[in-house]
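Good morning, colleagues. Please take a moment to look at the chain on the screen before I describe it.

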Amino acid sequence: MHHRKHIFFGLILLLGLVEMSLWSCGKKVEEGEALAKTYCASCHVLPSPALLPKNVWQLSTLPYMGILMGIEDEIANLPAPLKDYAILRPSTQMISKEDYEKIKAYYIDQAPETLAEPAYAPLPELQGLFSAEDISLEITNGTFPNMTSIAIDAASQQILAGDQSNRIIWQLDSKGNLIQKITNQNALTHIEKTGLGKNQYFFTYIGTTTQANPEVNGYTDLVDLSKGTYTVLKSVMKGLNRPIYLSAQNLDAEVGDELILSEFGFKEGGLSVWKKNAKGDYQKTILNPQTGATRTIVRDFNQDGRLDMASLFAQGDERVILYLNEGGLHFKEKILQRFPSIYGTSSFDLADMDRDGDLDLLCTAGDNADFSTILKPYHGIYIYQNTGDFTYKPWQFFPQNGATKAIAADFDGDGDQDIASIALFPDVAKRPLEGFMYLENQGKTFTQKTLPIHHLGRWSVMDAGDVDGDGDIDLVLGSHAVAKFPAGGFDPAWKQAKGLLILRNTHK
């Protein structure tokens with residue numbers, strides 16, 4: 001009997017300790033949520049724990065956050081893929097170790113084991129609009145192409161494309177025939193036609209590779225490609241932080257275009273405007289130092305006679321920002337849309353998608369090359385409807401794993417805006433056709449379609465324009481077979497890809 005009493009009181013003590021432990025754990029999680037709202041939301045949209053599985057939070061995303069917060073224990077024990085990012089640590093620790101552990105506990109406790117798979121709509125074949133022309137590129141003793149940029153020059157009826165792996169820039173005519181190949185080139189990330197001459201362009205290079213790295217060796221050259229020759233007319237900008245987009249536009253009504261540069265960066269980056277001085281050199285004015293600057297659309301958004309800018313920042317505080325031109329290269333900033341910091345926003349466009357006379361916002365989320373390379377049900381194509389005064393509300397969403405770039409245009413000539421979208425990280429195992437998706441505008445919704453071109457390449461870059469001068473809008477796509485491969489897998493046919501595909505519009 002005495003023995004039983006000991007067991008009884010022992011059980012009561014054990015249950016009490018368990019209850020205290022659960023209360024302590026619950027309190028820690030509750031405190032962690034409050035701390036996340038204070039610290040995390042001060043820099044970007046607060047991500048829900050439900051956006052990633054427990055193991056991804058624990059082994060990848062939270063250690064990266066630890067770097068940015070300056071947590072010494074996290075930095076000292078970084079896994080190999082994250083060690084390069086240690087240079088992003090702040091000069092002083094931003095949060096106590098105790099509070100950081102509470103934030104970790106909140107995310108790991110509340111996160112799911114796995115993410116649910118979305119319900120996919122079928123992807124019937126798009127009939128009678130495009131003919132696919134797989135272009136052969138002659139590469140002697142080379143490897144399969146990895147395109148990092150592509151552009152249609154409609155005025156010259158030419159195609160330009162940068163192949164990082166073979167260090168070649170290709171100049172092709174409207175049928176894909178070779179005009180010239182320019183060898184010994186670094187990773188070209190943007191091609192901008194100038195107003196200076198028929199075959200003059202600004203070539204912007206991210207550096208030697210598109211892989212994330214802390215090197216600061218990007219640059220822009222002014223080049224001439226007349227009569228099948230390649231001449232560098234001027235080295236325009238040097239020492240750039242992984243630049244990926246450049247637009248040449250006259251922003252101040254003075255003689256000459258300004259250069260609007262998006263530096264994605266690593267430790268530093270940002271959006272800047274470069275103006276030519278009396279000596280002919282360009283001087284930099286930083287509009288926003290945030291890394292992740294991806295693309296800028298230039299047009300007169302408020303119809304006051306001055307060109308404005310809308311820019312996508314796709315890292316950390318993922319957002320689209322409008323810069324209203326107030327004259328003298330001064331701009332008023334307005335945030336059009338913000339996204340959770342792990343969405344992987346990859347592209348944007350502005351077009352009248354609902355035919356009500358104003359510009360709606362088209363975005364893709366699908367960057368899957370960093371710290372959470374899993375399939376995500378929120379990756380895909382988003383359309384935000386303009387509700388007036390540069391405000392937007394969610395309207396349509398179409399899942400597309402690894403969505404990389406979407407372009408809005410009236411491809412079928414019926415007066416409304418359709419969408420072509422490519423995915424660098426498609427679900428090869430379950431939905432391989434989503435590597436290219438076509439959304440046909442039906443007024444209040446869109447019909448999802450595809451083309452059977454998924455074995456012809458892993459589509460990384462795309463441009464739209466009238467490449468052959470027949471009055472309709474064609475597409476050119478570039479393949480990038482080598483990159484990280486998330487859970488969606490790899491198609492062995494990509495290694496045999498020719499690298500470049502023309503989708504020639506045939507509706508006229």
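Predicted model: local features only at pLDDT ≥ 70, side-chain atom pairs only at ≥ 80, totals over all residues.

Residues are numbered from 1 along each chain as its sequence is written, and side-chain values use heavy atoms, with hydrogens and water left out.

Let me begin with the whole chain. The C-alpha trace spans about 105 × 55 × 55 Å along its principal axes. For 508 residues, a compact globule would have a radius of gyration near 23 Å, and the 25 Å of this chain agrees with that; the radius is taken over C-alpha atoms, and the globule rule is 2.2 Å times the number of residues to the power 0.38. Buried residues make up 54% of the 508, where buried means under 20% relative accessible area, exposed means over 50%, and partly exposed lies in between, using a 1.4 Å probe and protein chains only. Among contacts (heavy atoms within 4.5 Å) between residues at least 6 apart in sequence, 52% join residues at least 24 apart.

Which residues touch the most other members of the largest nonpolar core? In this core of 46 residues, they are Ile 103, Val 320, Phe 348, Leu 350 and Leu 361. A nonpolar core is a set of buried Ala, Val, Leu, Ile, Met, Phe, Trp, Tyr and Cys residues joined through side-chain atoms within 4.5 Å. The elements giving two or more residues to this core include helix H1 (2-39), helix H2 (54-69), strand E16 (319-325) and strand E18 (345-351). H2 supplies the largest share, five residues. Leaving aside residues up to four places away in sequence, Leu 361 touches several residues, among them Val 320, Phe 348, Leu 350 and Tyr 392. A second, separate core has 18 residues, including Leu 126 and Ile 407.

Next, a strand pair. Strands E8 (residues 218-224) and E9 (residues 231-240) run antiparallel and are joined by six bridges; two strands pair if DSSP finds at least two bridges between them. Thr 220 stands opposite Met 237 in E9. In the hairpin of these strands, with six residues between them, Lys 227 takes a positive phi near 55°.

Finally, the charged pairs. The structure holds 21 salt bridges, each a side-chain nitrogen of Lys or Arg within 4 Å of a carboxyl oxygen of Asp or Glu. One of them joins Arg 89 and Glu 72 at 2.6 Å, N to O. Arg 89 lies in the loop between helix H3 (72-76) and H4, and Glu 72 in helix H3, 17 residues apart. Arg 89 is partly exposed at 34% relative accessible area, and Glu 72 is partly exposed at 43%.

Another bridge joins Lys 275 and Glu 254 at 3.1 Å, N to O. Lys 275 belongs to strand E12 (residues 270-276), whereas Glu 254 sits in the loop between strand E10 (243-249) and strand E11 (258-263). Both residues also take part in a network of salt bridges with Asp 252 and Glu 258.

Note on methods: Helix = DSSP H or I, 4+ residues; strand = E, 2+ residues; numbered from the N terminus.
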